[in-house]
Amino acid sequence: MRKKIKQYVSMLMVMLMAISAIVFCGAEKAYAGSFSGGYISLGADLTSDEKAKVLALFGVDEKDLDSYKVVYVTNQEEHQYLDSYISSSQIGNQAWSSVLITEGKKGSGINVTTKNVIYCTTGMYANALATAGVEDVNVVVAGPFNVSGTAALVGALKAYSEMTGETVDEDVVDAAVDEMVTTGSLEDGTDADNEKVEGMVAYLKEQIANSDNKDKDLDQIINDAANKFEITLNEDQFNQLKSLLEKLGGLHLDLGSLKSQAQAAYDTLKDMGFDISKIHIDTEEARGLLQQIIETIKGWFN
């Protein structure tokens with residue numbers, strides 16, 4: 001009997017560890033700064049009135065700015081990162097987009113709100129920020145008037161760099177910008193819902209970051225993902241996505257962070273009525289499985 005009990009306990013420990021790996025992914029993130037309010041990136045060309053309007057959208061009183069670390073993004077920086085993906089005329093010659101980042105609770109993920117942003121979606125920002133290794137933050141992107149919001153990603157990464165005390169690698173910033181633009185292009189150029197496109201991109205990044213897939217054919221991975229998310233890609237769209245994934249494959253992506261963000265995208269799709277069972281094991285399902293295992297173990301001793 002003792003031998004059986006030891007076997008059961010060993011089995012339980014192995015199963016608990018396996019389920020825990022599914023339910024709880026990602027380690028605690030340490031933040032370097034000591035600014036109680038958060039971190040703000042402001043467009044360098046905002047006038048005084050525009051700055052006041054943006055701060056109001058953030059819910060920040062200008063007299064309280066000492067509680068925040070404030071950095072500025074210039075139009076030159078916008079062009080530095082965006083010129084390869086967006087026409088220079090679209091970027092313009094002034095920097096207006098601004099971002100507020102505050103620390104979230106451990107495991108809360110990347111939560112994005114936009115105000116006066118008419119092109120970039122919250123999912124586009126969250127996915128791109130996850131690519132850059134951002135974890136557990138609340139992000140507000142705002143413009144003093146309607147803006148595309150493409151340049152705000154640069155500001156978000158600059159503010160996050162201040163927050164963590166770590167410089168974000170130039171290649172990672174480039175990949176995140178590429179991802180955001182590619183996602184937007186797919187959303188505009190396909191008949192699929194934005195949420196499906198963003199879910200597919202998040203799923204593909206998981207596949208690329210997972211070492212188990214390193215020998216798999218990239219074309220097949222993309223085709224499988226498009227089928228799972230019910231998205232039809234033309235040749236140009238397929239090649240654009242493949243180029244992005246090849247770039248991401250050359251980076252050291254944080255699989256835990258990507259899984260967490262992908263889960264958020266899947267949850268959104270699930271709420272929309274999309275059948276996600278063919279994509280992954282849902283977190284709630286994993287918890288349910290854990291409970292079933294516990295009940296089974298209890299039964300062994302009754």
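Is E230 buried, partly exposed or exposed, and what is its relative accessible area? E230 is partly exposed, with a relative accessible area of 47%, where buried means under 20% relative accessible area, exposed over 50% and partly exposed in between, computed with a 1.4 Å probe on protein chains only. The structure is a predicted model, in which local features need pLDDT of at least 70 and side-chain atom pairs count only at pLDDT 80 or more, whereas totals for chains, interfaces and linings use all residues. Residues are numbered from 1 along each chain as its sequence is written, and side-chain values use heavy atoms, with hydrogens and water left out.

**Figure 1. Overview of the chain.** The secondary structure comes to 12 helices and 5 strands; helices (H or I, at least four residues) and strands (E, at least two) are DSSP runs, numbered from the N terminus. Of the 302 residues of the chain, 47% count as buried. Taking the contacts with a separation of 6 or more, residues 24 or more positions apart account for 79% of them, a contact being heavy atoms within 4.5 Å.

**Figure 2. Two loop residues with positive phi.** Most residues other than glycine have a negative phi. E230, in the loop between α9 and α10 (235–249), has a positive phi near 60°. D136, found in the loop between α5 and β5, likewise has a positive phi, near 50°. D136 is buried, with a relative accessible area of 9%, while E230 is partly exposed at 47%.

Figure 3. D219 belongs to helix α9, which spans residues 218–228, and counts as partly exposed because its relative accessibility is 27%. Leaving aside residues up to four places away in sequence, D219 touches F238 and K242. The side chains of D219 and K242 are joined by a polar contact of 2.8 Å, a polar contact being a pair of N or O atoms within 3.5 Å, of which, within protein, one must be able to donate a hydrogen and the other to accept it, and for which residues adjacent in sequence count only if both atoms are side-chain atoms.

**Figure 4. The loop residue T190 and its side-chain contacts.** T190 sits in the loop between α7 and α8 (194–209) and is buried, with a relative accessible area of 10%. A polar atom of the T190 side chain lies 2.8 Å from the backbone oxygen of L186, and the side chain of T190 also reaches the backbone nitrogen of A192 at 3.5 Å. When residues up to four places away in sequence are not counted, T190 touches V197, I231, T232, L233 and Q237.

**Figure 5. Helix α3 and its packing partners.** Helix α3 (residues 75–82) is mostly covered, 6 of its 8 residues being buried. The buried residues are N75, E77, E78, H79, Y81 and L82. They pack against β2 (68–73), α4 (88–91), α6 (152–164) and α7 (170–189).

Figure 6. A search of the whole structure finds 4 aromatic pairs, where rings of Phe, Tyr and Trp (its six-membered ring) pair if their centres lie within 6.5 Å, and planes under 30 degrees apart count as stacked, over 60 as edge-to-face and the rest as tilted. The rings of W96 and F145 have centres 5.0 Å apart and planes at 75°, so the pair is edge-to-face. Because W96 lies in the loop between α4 and β3 (98–103) and F145 in strand β5 (residues 137–147), the pair ties together parts that are 49 residues apart in sequence. W96 counts as partly exposed at 26% relative accessibility, and F145 is partly exposed with a relative accessible area of 32%. Y203, F229, Y266 and F274 form one aromatic cluster.

**Figure 7. Crossing of helices α5 and α11.** The axes of helix α5 (residues 122–131) and helix α11 (residues 255–271) come within 9 Å and cross at roughly 165°; axes are lines fitted to C-alpha atoms, for helices over the stretch in contact, and angles run from 0 to 180 degrees between N-to-C directions. That makes α5 roughly antiparallel to α11, the term for angles over 145 degrees, while those under 35 count as roughly parallel, 65 to 115 as roughly perpendicular and the rest as oblique. The contact is made by A126, N127, A130 and T131 of α5 together with S257, L258 and Q261 of α11.
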